[in-house]
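Hi everyone, thanks for coming.

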Amino acid sequence: MEHPILFISIILEKLGLPVPHDFVGHTLLEKLCEPYMTYTWLVMIFLIVVSKMTLGNLEMVPGSGQNFWEILIGGMDDFFVENMGREMADALFPMLSTFALYIAVGNLIGLIPGLMSPTSSINTTLALTIIVWATHHVIGLRAHGLKYYKHFMGPLWWLVPLMLPIELISNIARLVSLSVRLFGNIMAKETLLAILFMLAGAFFAPLPIMMLGVLVSLVQAMVFVLLAVVYCAQAQEHAH
Amino acid sequence: MSDLKNEMIDLLANYGHIGFTFVACIFVGLGGGILLDQKVFNGRTAPWFTFIGLAFGIVAGFKTLLQILWRVKDKNDKNNKNDGKDDRG
């Protein structure tokens, strides 16, 4: 429909596997063959293979591959430390940097014809968001115990009936806004590109949108990680 | 990366999600109100919880809006203070 050609889906269909034509399949095998699942695996394989190839043997004097990763990892580490302190950055670095790399690569492969972004499905983004949301509650609970939930009640006791719903709504809204923002931006980019390809693909009409798509992909990956960092830092320092 | 690009990405990351968060708050409040009206009280209390939920959602939206602004302001103040100290020191 939106994606005329998805090469993994075509290969799987030729192999005789049931690729669902709706957004979600019905049987387990159909669910596993959904395009966003197969492309998630493609991104995972891509990240593992590339890092294995460039970081297979670490050297004192880095080559170009190792250099790239050192700049990237160093930059992300600085960013996390600046926003939430050394200790938490060390604890959360594996999770957050994996999110950053996965979302950035997942957004960007959608620009190549024949591939789609796994993040253009709400299932993927909601899964990522639930992990972040649960993590920031766990961090808050571990840092403050049950006192963490006191900050949901506001500063004064007679304000509790007013503050409690507001805080609960704004906390649940994080779940909605974080997942729908990423999903909406990437899906819009994919749909717009597909439509422009169909209408005027021969005249390079999608090219300007592709340039914007690169910007949107990187910014959305950054926003997602920035907000995850901010939520975790807030949960840690809340409830004084 | 040039300064201009840095600043643009900084602005996009800090303020680009304000609109979405605001709308999400309103819809969560409204959805909660409708849920209370239709599912919990089986429509006996309609439209009251819907309106109350909507009001709370709007207030929650403004609260998150202010929180975002204050967070960025605090961060900028801290940076400015540090810069000033560096100059004097």
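Let me start with a definition: a patch is made of residues with over 30% relative accessible area and no salt bridge, where like charges are joined within 9 Å and nonpolar side chains (Val, Leu, Ile, Met, Phe, Trp, Tyr) within 5 Å. Lys and Arg count as positive and Asp and Glu as negative, while His and the chain ends are not counted. A charge is placed at NZ of Lys, CZ of Arg, CG of Asp or CD of Glu. Accessible areas come from the Shrake-Rupley method with a 1.4 Å probe, and for residues only the protein chains shown count as cover.

Two notes on the background. This is a predicted model, where local features need pLDDT of at least 70 and side-chain atom pairs count only at pLDDT 80 or more, though totals for chains, interfaces and linings use all residues. Residues are numbered from 1 along each chain as its sequence is written, chains are lettered from A and ligands numbered from 1 in the order in which they are written, and side-chain values use heavy atoms, leaving out hydrogens and water.

Now, which residues gather in the patch of negative charge on the surface? They are Asp78(A), Glu82(A), Asp3(B), Glu7(B) and Asp10(B). Helix H4 (64-84) of chain A and helix H1 (3-15) of chain B each give two or more residues to that patch; helices here are DSSP runs (H or I, at least four residues), numbered from the N terminus. H1(B) gives the most, with three residues. Asp3(B), in helix H1 of chain B, is exposed at 64% relative accessible area (buried is under 20%, exposed over 50%, partly exposed in between, with a 1.4 Å probe and protein chains only).

On to the salt bridges, meaning a side-chain nitrogen of Lys or Arg within 4 Å of a carboxyl oxygen of Asp or Glu. How many are there over all chains? The search finds three.

Arg86(A) meets Asp77(A) at 3.0 Å, N to O, and Asp90(A) at 2.9 Å. Asp90(A) and Arg86(A) are about one helical turn apart, because they sit four residues apart in helix H5 (residues 86-109) of chain A.

Lastly, Lys63(B) bridges to Glu167(A) at 3.1 Å. This pair crosses between chains, from helix H3 (residues 48-88) of chain B to helix H7 (residues 160-200) of chain A. Both Lys63(B) and Glu167(A) are buried.
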